[in-house]
Number of protein chains: 2
Amino acid sequence: MRVTVLGAGYMGSAMAKVAAQRGHAVTLWGTWLDNALLDVVLEGKPHPRLGLALTDLRLCRAEELPEALCNAELVIHAVSSEGAVAVMTRAAPYLPDVPVLSVTKGFLANADGQMDRIDRVIPEVLGRAVRFVHAAGPAKAVEIARGVLTLMVFAGADAIACRDALAGGNLRVAVTDDIAGAEIASALKNAYATGLGLWDGLGHVSGAHNARAACFAQSIHEMCQLACAGGGRAETIYGAAGVGDLHVTAAAGRNRAFGERVGKGKPARDVAAEMLASGELTEGYAAIATAWRFAREHHVDRLPLLEVLHQVVWEDVAASEALARLDLL
Amino acid sequence: MRVTVLGAGYMGSAMAKVAAQRGHAVTLWGTWLDNALLDVVLEGKPHPRLGLALTDLRLCRAEELPEALCNAELVIHAVSSEGAVAVMTRAAPYLPDVPVLSVTKGFLANADGQMDRIDRVIPEVLGRAVRFVHAAGPAKAVEIARGVLTLMVFAGADAIACRDALAGGNLRVAVTDDIAGAEIASALKNAYATGLGLWDGLGHVSGAHNARAACFAQSIHEMCQLACAGGGRAETIYGAAGVGDLHVTAAAGRNRAFGERVGKGKPARDVAAEMLASGELTEGYAAIATAWRFAREHHVDRLPLLEVLHQVVWEDVAASEALARLDLL
């Protein structure tokens, strides 16, 4: 099968490696931001972010988008949510009518300016259907690439075709038709994982495991309400796409670390600026704002944890003060 | 209110401290195994396990059980599951008809030798009703005692009375009538947390976060099946009693540590013996056996993770080998 991966960052490179392991002919296309990464890989060195060699792949630079998409039988969309509209707009003239498996997490603004899912916003922008399948579940890129046991959830009408193309070895794939629930879970988990990280900061001296675990349960409860308000199903949140992905995101990674530093008392905007300056993305910072917008636009008004997170990260309220007021019941 | 706490270990001492903070007249009774702990506390020193001073409590030694229970208006049962039958048999003649809030986790054998809940086995043994309320949820004793934000779930007919007596400050209490679901969640979480710890051992060099998170979601799925088979409700597992308590137990504590050491390749019985010798309880070791018995007795036969845990911990199968075969779908 001919598989084209759009986006050569962490996740795109990892998925390209997986597709090559399955025996597919894989093209990895990098955006204009990825050219420096691809230059290194083209010299035969390991991918600078993933830390692993990428062999047996055709590499395409940003200007080679038409060639990259030509005759593709499966497209994997691994561009960040910020870049998704720009990339897909340029890709549209060359995009074949094949499944597009998206590993992108996060809401986008639709034509009315409201927060919505990528599988709805992109077709709206392009004025044509795109056969989006959303990939959810706990899947750190480097571990997928290394063959660590991983359970992903593919959601959408073409989920089975994507699973058949990519599952194998230690990559297990569950399928569901609940693309709304799966995308909303993926968009929310960075926000809530940042919130759980706050407790790692607040409790770094004497421990706040009870509070963190109470907020983990509360996160799942609030994610359910938001998923259902957006047309998804609670069962999706209770599975690997919700409970599993929140677990891995809150255990390791930049969003948790961002929360921890804010929990220790530093203003969120300063931490975000510092992390940005050192090249670390903190999706959770923006994700809290977009989740809060999504909640208000969908009239979900009983979200005490998300409300507190928004106060801490976007309204300059001290974490210790805001969390002391948290109404968990 | 006059509150009597049975059992002066970690959790009994912490709950006694909470009850005293609420302004109650508290008696803390120690079992025959707790006399050494109480001797230290009676000298005015901090409780040896909890590490905190216990003031404003009446302390009773094992032989003072009748005095300890006399005129109690609320009893808190904080004896381990192994000691519960022995203690409650001795307590029965003096036990007033008041709510008995039990923080004990784990199944007991009923008259037919089958695994069952404490709130059913103890009344059967005693031949009289006991107004059990089960306390579930993520609640490390030392953090409750220190006033860290904690969400507990009280389950049973008298749950509201127990909540009204004990909730306050940073101790939040949710109530439910699903005592079956709450007790089964509490009994299972040590077993599954041990299983998640295995991945900390197996992945200690290069990481196995994806696998751990997939198994976290799988644990919740299997706990739901077991809770429903035992007459409980799935919603209880999806809340603080299940998702929340599994999170805290798998993040910190002896059961996770036990699993980690087994995951590094040491036979489970050797790790259990070493931890026992150094005074560390590993409830997870026995909990995997009792959970497996409970599953078979309730004819729940699709539990791939629990089956693998039983193989690793009780059937001498290497963790790496058993987990490589794990069928997550």
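1. **Ground rules.** Helices (H or I, at least four residues) and strands (E, at least two) are DSSP runs, numbered from the N terminus. Residues are numbered from 1 along each chain as its sequence is written, while chains are lettered from A and ligands numbered from 1 in the order in which they are written. Please keep in mind that this is a predicted model, in which local features need pLDDT of at least 70 and side-chain atom pairs count only at pLDDT 80 or more, whereas totals for chains, interfaces and linings use all residues.

2. **Chain A as a whole.** Chain A holds 16 helices and ten strands. Its C-alpha trace spans about 55 × 40 × 35 Å along the principal axes. Of the 329 residues in chain A, 60% are buried. Here a residue is buried if 20 or more other C-beta atoms lie within 10 Å of its own, exposed if 12 or fewer, and partly exposed in between, with C-beta atoms placed from the backbone.

3. **Contacts along the chain.** Two residues are in contact if their C-beta atoms, placed from the backbone, lie within 7 Å. Taking the contacts in chain A between residues at least 6 apart in sequence, 68% join residues at least 24 apart.

4. **Two domains.** Chain A is assigned domain 1 (2-177) and domain 2 (186-324), with bounds that come from an automatic or database domain assignment. Their centres, taken over C-alpha atoms, are separated by 25 Å. Between them, 14 residues of domain 1 of chain A are in contact with 17 residues of domain 2 of chain A. On the domain 1 side, strand E8 (131-136), strand E9 (150-155) and strand E10 (171-176) of chain A each give two or more residues. That side has seven nonpolar, five polar and two charged residues. For these classes, Ala, Val, Leu, Ile, Met, Phe, Trp, Tyr, Cys and Pro count as nonpolar, Asp, Glu, Lys and Arg as charged, and the others, Gly among them, as polar.

5. **The chain interface.** How many residues of chain B are in contact with chain A? There are 35, and they meet 35 residues of chain A. At least two residues each come from helix H6 (141-146), strand E9 (150-155), strand E10 (171-176), helix H9 (209-229) and helix H11 (240-251) of chain B. H9(B) gives the most, with eight residues. By class, the chain B side divides into 22 nonpolar, eight polar and five charged residues.

6. **Symmetry.** Chain B superposes on chain A by a rotation of 180° with 0.0 Å of shift along its axis (RMSD 0.0 Å). The two copies are thus related as by a two-fold rotation axis. The same surface serves both copies, since 100% of the contact residues of chain B recur in chain A. Among the residues of chain B, B:Tyr238 comes closest to the rotation axis, at 3.4 Å (C-alpha).

7. H9(B) has 21 residues and reaches 30 Å from its first C-alpha to its last, close to the expected 30 Å; the expected span is 1.5 Å times one less than the number of residues. Of its 21 residues, 18 are buried. Just after H9(B), B:Gly231 takes a positive phi of about 90°. In chain A, A:Gly231 sits in the loop between helix H9 (209-229) and helix H10 (234-237), and it counts as partly exposed, with 14 C-beta neighbours inside 10 Å.

8. **Helix H12.** Nine of the ten residues of helix H12 (254-263) of chain A are buried, among them A:Phe258 and A:Arg261. The buried residues pack against six helices: H8 (179-202), H11 (240-251), H13 (268-277), H14 (283-297), H15 (304-314) and H16 (319-324) of chain A.

9. Most residues other than glycine have a negative phi. A:Asn71 has a phi near 65° and is exposed, with 11 other C-beta atoms within 10 Å. A:Asp316 has a phi near 60° and lies in the loop between H15 and H16 of chain A.

Technical notes
Least-squares fit on C-alpha atoms with pLDDT ≥ 70 in both.
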